[in-house]
Amino acid sequence: MADTYLLILLTLDATLRVATPLILAAMAGLFSERSGVIDIGLEGKMLAAAFAAAATAAVTGSAWAGLGMGISVSIGLALLHGFACITHRGDQVISGVAINVVAAGLTIVLGIAWFHQGGRTPTLDASARFTEHALPFADAARSIPVIGPLYAEVISGHNILVYLALAVVPLTWWVVYRTRFGLRLRAVGENPAAVDTAGISVTGLRYSALVIAGTLCGIAGTYLSTAHSAAFVRDMTAGKGYMALAAMIFGKWKPVPTLFACLLFGFLDAMAVRLQGVELPVIGIFPVQLLQALPYILTVVLLAGFIGKAIAPKASGTPYVKERT
Amino acid sequence: MSQPIKLPKWVDVGVIPALNILAALAVSALVILSLGENPIEALDVMLYGAFGYDEAIGYTLYYTTNFIFTGLAVAVAFHAGLFNIGGEGQAYIGGLGVGLVILALDGLLPWYALLPLAMLGAAVFGGIWAAVPGWLQAYRGSHIVITTIMFNFIASALMVYLLVNVMIKPGQMSPESREFAESAWLPMAHQMFAVIGIDVSRSPLNLSFVLALIASVLVAIFIWRTRWGYAIRTVGRNETAAIYAGIDPKKTIFWTMALSGMLAGMVGINEIMGVQHKLLLNFTAGYGFTGIAVALMGRNHPIGIVLASLLFGTLYQGGAELDFEFEQITRDMVIVIQGFIILFSGALAYMFNPLVARLIGRLMPARG
């Protein structure tokens with residue numbers, strides 16, 4: 001019994017680790033899409049940030065410098081996205097795809113040219129990474145039944161970026177629903193003309209949303225290469241940006257439901273790892289690919305309106321044209 | 001600058017695309033320069049790698065074949081105003097269709113009898129993989145971009161499951177099906193040339209290249225010379241107008257996506273029936289995504305798409321040569337170039353319009 005409980009706790013612990021980049025990237029997508037800009041480029045921004053962070057941390061030996069560089073590069077790509085689809089009113093999806101492809105290529109090309117390890121960055125020492133912190137009394141709490149192990153295994157013992165990701169969710173909620181900026185952000189995603197009429201800059205709001213998205217993707221990427229792992233490897237994000245996008249849609253563009261979607265997707269991923277090659281009674285070897293595909297299948301089903309309804313911000317995807325003839 | 005700027009047609013189809021591509025190549029050249037290599041030299045190496053000897057030409061055209069199919073797939077959807085980002089998954093599943101047909105019949109029928117059946121397999125499987133998102137977009141209002149992305153991932157999981165658990169050749173570690181009987185292989189270019197007495201080096205180039213060219217012609221006729229093509233273009237321009245013209249936009253969206261998926265599925269003919277001769281993982285290798293760049297660069301016109309495919313074929317084959325000749329750059333540079341082409345020919349397609357319009361205004365004073 002105690003073993004089963006520990007197994008559940010360890011799976012939850014793994015869930016949190018896998019879900020962290022999803023949460024950060026999904027909140028990034030939320031800001032962007034709530035302002036009316038589709039963000040397919042979450043994947044590319046995360047990937048570029050992961051590379052920039054690992055490369056910087058490897059050279060400087062500082063994880064924080066890595067974080068700074070990761071965020072800067074990600075914001076840079078977000079601004080490029082804005083330049084293409086806010087300033088030049090280009091297609092938002094195409095711009096996002098471009099960012100993903102450029103990031104996929106540049107991280108490998110620069111990685112090989114700078115570090116000569118086939119696209120890997122040098123392995124980081126513990127001092128150049130975000131390492132795990134035990135929360136106070138974690139070991140002492142272990143002896144308390146039920147809650148003790150939960151505290152020690154799941155809640156304690158993560159790196160600071162995990163806690164940051166968890167803090168970002170209520171913060172996002174507060175910003176989007178309780179501040180003036182959030183009200184305007186939601187308005188500009190639904191009806192930019194009304195916001196414009198009120199004398200507020202649509203362009204300014206959308207650029208700010210993209211900068212926030214860039215920051216969050218930067219943290220997510222940094223987490224991957226300097227906290228979750230100790231180096232950057234090619235194509236490190238492996239679709240996590242798209243999964244975050246799916247989680248955001250699954251959470252209907254709302255912070256708290258999105259958090260739960262990220263945790264659900266993270267849990268499925270953790271389960272898939274755990275069940276790999278495990279022989280189960282009756283069904284035999286479990287098709288883990290089903291678990292891996294489930295987030296995407298669920299999102300498609302949800303989008304199709306078969307379970308609840310997911311409605312995107314109304315102005316999402318359309319560039320704003322100020323004057324009409 | 002709020003209104004779209006009206007430019008003469010020759011500028012719109014000639015000058016602007018050329019400027020966009022030049023911008024993409026210029027930025028790529030800057031990347032190469034910043035890594036301490038000479039971009040002109042790199043271009044030289046790539047051109048030699050792509051065209052310098054007959055085996056290289058074969059490889060270049062083999063890559064071109066895949067890009068023509070995926071480029072056409074993306075373009076057909078674009079004409080209906082749909083962004084099919086799922087060419088990768090549709091090509092993957094299309095290949096599954098090809099594989100299933102051949103695995104079932106390869107001892108019984110020769111390749112020329114199998115080819116129509118395999119193409120049917122590719123069309124049905126690839127077509128369905130695109131038609132479902134099309135149906136969801138038309139009748140359930142789900143966003144086609146998101147659904148097709150999701151379908152890429154679902155396709156990938158499905159293929160891993162099938163190859164690891166179901167279709168794997170017994171007693172083998174790597175997740176691949178058994179090899180097809182040799183009688184089911186599509187004729188290779190070097191074999192076809194040998195028949196007429198010309199000696200050509202072995203390369204993966206096969207009959208599919210001809211099929212791709214035929215497909216381009218058919219798509220051109222279909223889009224601009226048939227009522228279905230007219231329906232697709234009308235829906236793409238203005239759905240309301242389409243309804244007034246008696247066109248059902250929902251049905252059109254569904255069938256356009258099906259057609260798009262069929263074209264993407266034809267990658268399976270080239271890869272599975274023509275080159276690999278067995279089902280295996282990841283044979284699509286990003287060709288579906290490159291199709292987006294190809295369609296954007298080719299301005300959704302089959303002639304443009306064939307030319308853009310040739311350029312990407314050149315980049316893919318020539319890029320392989322970079323690994324051997326340069327210390328600092330590898331074939332992955334091709335992905336960077338591809339990204340910049342999508343950026344400049346797609347997302348920033350209109351960036352140069354005001355500039356060019358001003359230039360033309362100055363050179364050719366108003367003629368009324």
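Analyst: Happy to. Domain bounds here come from an automatic or database domain assignment. With that in place, the centres of domain 1 and domain 2 of chain B, taken over C-alpha atoms, are 29 Å apart. Keep in mind that this is a predicted model.

User: Which residues make up domain 1 and domain 2 of chain B?

Analyst: Domain 1 is assigned 1–37 + 326–368, and domain 2 is assigned 56–312. Where they touch, 8 residues come from domain 1 of chain B and 6 residues from domain 2 of chain B. On the domain 1 side, helix H1 (9–34) and helix H15 (333–347) of chain B each bring at least two residues. H15(B) gives the most, with 5 residues. That side of domain 1 is made up of 5 nonpolar, 3 polar and no charged residues.

User: What makes H8(B) and H14(B) roughly antiparallel?

Analyst: The crossing angle. The axes of helix H8 (residues 208–225) and helix H14 (residues 302–325) of chain B cross at roughly 150° and come within 9 Å. Angles over 145 degrees count as roughly antiparallel, so H8(B) and H14(B) get that label.

User: Which residues of H8(B) and H14(B) meet?

Analyst: Ser216(B), Val219(B) and Ala220(B) on the H8(B) side, facing Pro302(B), Ile305(B) and Val306(B) on the H14(B) side. By class the contact holds 5 nonpolar residues, 1 polar and no charged.

User: How do you know that Ala231(B) is buried?

Analyst: Count its neighbours. A residue is buried if 20 or more other C-beta atoms lie within 10 Å of its own. Ala231(B) has 21, so Ala231(B) passes the cut-off and is called buried. Ala231(B) sits in helix H9 of chain B. Leaving out neighbours within four places in sequence, Ala231(B) is in contact with Ile247(B) and Thr252(B). The C-alpha atoms of Ala231(B) and Thr252(B) are 7.0 Å apart, although 21 residues separate the two along the chain.

User: Which residues of helix H9 of chain B are buried, and what do they pack against?

Analyst: In helix H9 (residues 227–237) of chain B, the buried ones are Ala231(B), Ile232(B), Thr234(B), Val235(B) and Gly236(B). Their packing partners in chain B are helix H3 (54–79), H8, helix H10 (239–244) and helix H11 (249–265).

User: Why is Arg299(B) called partly exposed?

Analyst: Arg299(B) has 18 other C-beta atoms within 10 Å. Buried takes 20 or more and exposed takes 12 or fewer, so a count in between is partly exposed. Arg299(B) lies in the loop between H13 and H14 of chain B. Arg299(B) also has a positive phi of about 50° without being a glycine. For background, most residues other than glycine have a negative phi.

User: And what makes Asp235(A) exposed?

Analyst: Asp235(A) has 12 other C-beta atoms within 10 Å. You'll find Asp235(A) in the loop between helix H10 (202–228) and helix H11 (240–250) of chain A.

User: What does the radius of gyration of chain A agree with?

Analyst: With the value for a compact globule. For 325 residues that would be near 20 Å, and chain A has 21 Å. Chain A comes to 13 helices and 4 strands, with 53% of its residues buried.

User: Which element gives the largest share of the side of chain B that touches chain A?

Analyst: H6(B), with 12 residues. The contact takes 43 residues from chain B and 39 residues from chain A. Elements giving two or more residues on the chain B side are helix H5 (111–140), helix H6 (144–166), helix H13 (287–297) and H15 of chain B. By class, that side has 29 nonpolar, 12 polar and 2 charged residues.

Definitions and conventions. Residues are numbered from 1 along each chain as its sequence is written. Chains are lettered from A and ligands numbered from 1 in the order in which they are written. This is a predicted model: local features need pLDDT of at least 70, side-chain atom pairs count only at pLDDT 80 or more; totals for chains, interfaces and linings use all residues. Two residues are in contact if their C-beta atoms, placed from the backbone, lie within 7 Å. Ala, Val, Leu, Ile, Met, Phe, Trp, Tyr, Cys and Pro count as nonpolar, Asp, Glu, Lys and Arg as charged, and the others, Gly among them, as polar. Axes are lines fitted to C-alpha atoms, for helices over the stretch in contact, and angles run from 0 to 180 degrees between N-to-C directions. Angles under 35 degrees count as roughly parallel, over 145 as roughly antiparallel, 65 to 115 as roughly perpendicular and the rest as oblique. The radius of gyration is taken over C-alpha atoms; the globule rule is 2.2 Å times the number of residues to the power 0.38.
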